[in-house]
Amino acid sequence: MKIDLRRLKLRPQQSEEFYLETTGRNEFLSEVGGKFAAAVQVDLVVDNTGKIFVARGRVRTTLQLPCSRCLGEAIVPVDAELACNILESKSAEYADLEEDIIIHDPGQVDIDPAVEEAIFMSIPINPLCKLECQGICPQCGVNRNLEDCHCETREIDPRWEKLKNLIRK
Ligand SMILES: [Zn+2]
Ligand SMILES: [Zn+2]
C-alpha cells in the first residue's frame, strides 16, 4: 500500500490523514500457517516535521491461524498500533529505528513493511479456535472437540502416588 506525500512535503509543520484498504499478502503469513480472513485497513496521520515525516495510526484486519491446541481454524482479530518515521535518503542520519522507511520518491511511499511489522507483532503465541478448545488427545490423536476418547488420563503424578503410599504406611 502506497501513500503520496508530495502535497505534505510542501507544507512543513502540517499533517495529512490517510485511509487505506487492501487485501493482505498471504505469503507474509505462510510461515505461521495462516492467511488473511479480511481486508487490511490502515488509518494514518502523517506529520511533516520539516525534516522527516512521522506516521502514527492503526492497522486493523482479521487473521486465520492454526489453533495451537487442535490445529483447527483460529480467527484472530488484529487492531495494532502503527508507528514509523519516513525519511528521504538525504536525511538518513535519522534512520536509527528498524521500522523506519527510507524513500526516494515522496509520491510513492510504500508503507507495507511497517504495516506487516505491526501485524506480525500482534500475532498471539498460542492462538485458539475457542477459549475452551479441548485440543488433540496426546495418546490416540482424536480431536477432543469433535469426539470423546476413552484414554486414561492420569491425574496424579506417579511420584506423588508413591509418597502417598509411604504416608499411608
Ligand atoms: Zn482448537
Ligand atoms: Zn484419546
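This is a predicted model: local features need pLDDT of at least 70, side-chain atom pairs count only at pLDDT 80 or more; totals for chains, interfaces and linings use all residues.
**Exercise 1. Which residues of S5 form the covered face, and which the uncovered one?**

Solution. Step 1. In a regular strand the side chains alternate between the two faces of the sheet.

Step 1. The covered face of S5 consists of Phe-53, Ala-55, Gly-57, Val-59, Thr-61, Leu-63 and Leu-65. The uncovered face holds Val-54, Arg-56, Arg-58, Arg-60, Thr-62, Gln-64 and Pro-66.

**Exercise 2. Which residues of helix H2 are buried, and what covers them?**

Solution. Step 1. A residue is buried if 20 or more other C-beta atoms lie within 10 Å of its own, exposed if 12 or fewer, and partly exposed in between, with C-beta atoms placed from the backbone. In H2, residues 112-121, the buried residues are Ala-114, Val-115, Ala-118 and Ile-119.

Step 1. These four cover an arc of only 135° around the axis, which puts them on the same side of H2. The arc is that of the directions from the helix axis to the C-beta atoms. An α-helix has 3.6 residues a turn, so residues three or four places apart point the same way.

Step 2. The cover over the buried residues of H2 includes S4 (40-48), S5 (53-66), S6 (73-88) and S7 (101-103).

Step 3. Two residues are in contact if their C-beta atoms, placed from the backbone, lie within 7 Å. Apart from neighbours within four places in sequence, Val-115 is in contact with Met-1, Val-40, Val-42, Val-59 and Leu-82.

**Exercise 3. Which members of the largest nonpolar core touch the most other members?**

Solution. Step 1. A nonpolar core is a set of buried Ala, Val, Leu, Ile, Met, Phe, Trp, Tyr and Cys residues joined through C-beta atoms within 7 Å.

Step 1. The largest such core has 23 residues, and Val-59, Leu-82 and Val-115 touch the most other members. S4, S5, S6 and H2 are the elements that give two or more residues to this core. S6 gives the most, with six residues.

Step 2. For the protein as a whole, buried residues make up 18% of the 169 residues.

**Exercise 4. Is Gly-34 buried or exposed? Compare it with other loop residues.**

Solution. Step 1. Gly-34 is found in the loop between S2 and S3. Gly-34 counts as buried because it has 20 C-beta neighbours inside 10 Å.

Step 1. Leaving aside neighbours within four places in sequence, Gly-34 is in contact with Leu-29, Leu-63, Gln-64, Leu-65 and Pro-66. Gly-34 and Leu-63 are 29 residues apart in sequence, and their C-alpha atoms are 7.0 Å apart.

Step 2. Ser-30 is found in the loop between S2 (15-22) and S3 (35-36). Ser-30 is exposed, because 10 other C-beta atoms lie within 10 Å. The C-alpha atoms of Ser-30 and Leu-65 are separated by 9.7 Å, at 35 residues apart along the chain.

Step 3. Leu-71, in the loop between S5 and S6, has 13 C-beta neighbours inside 10 Å and so counts as partly exposed. Its phi is positive, near 65°, in a residue other than glycine.

Step 4. Gln-13 lies in the loop between H1 (6-9) and S2. Gln-13 has a positive phi of about 65° although it is not a glycine. With 8 C-beta neighbours inside 10 Å, Gln-13 counts as exposed.

Terms used:
Residues are numbered from 1 along each chain as its sequence is written. Chains are lettered from A and ligands numbered from 1 in the order in which they are written.
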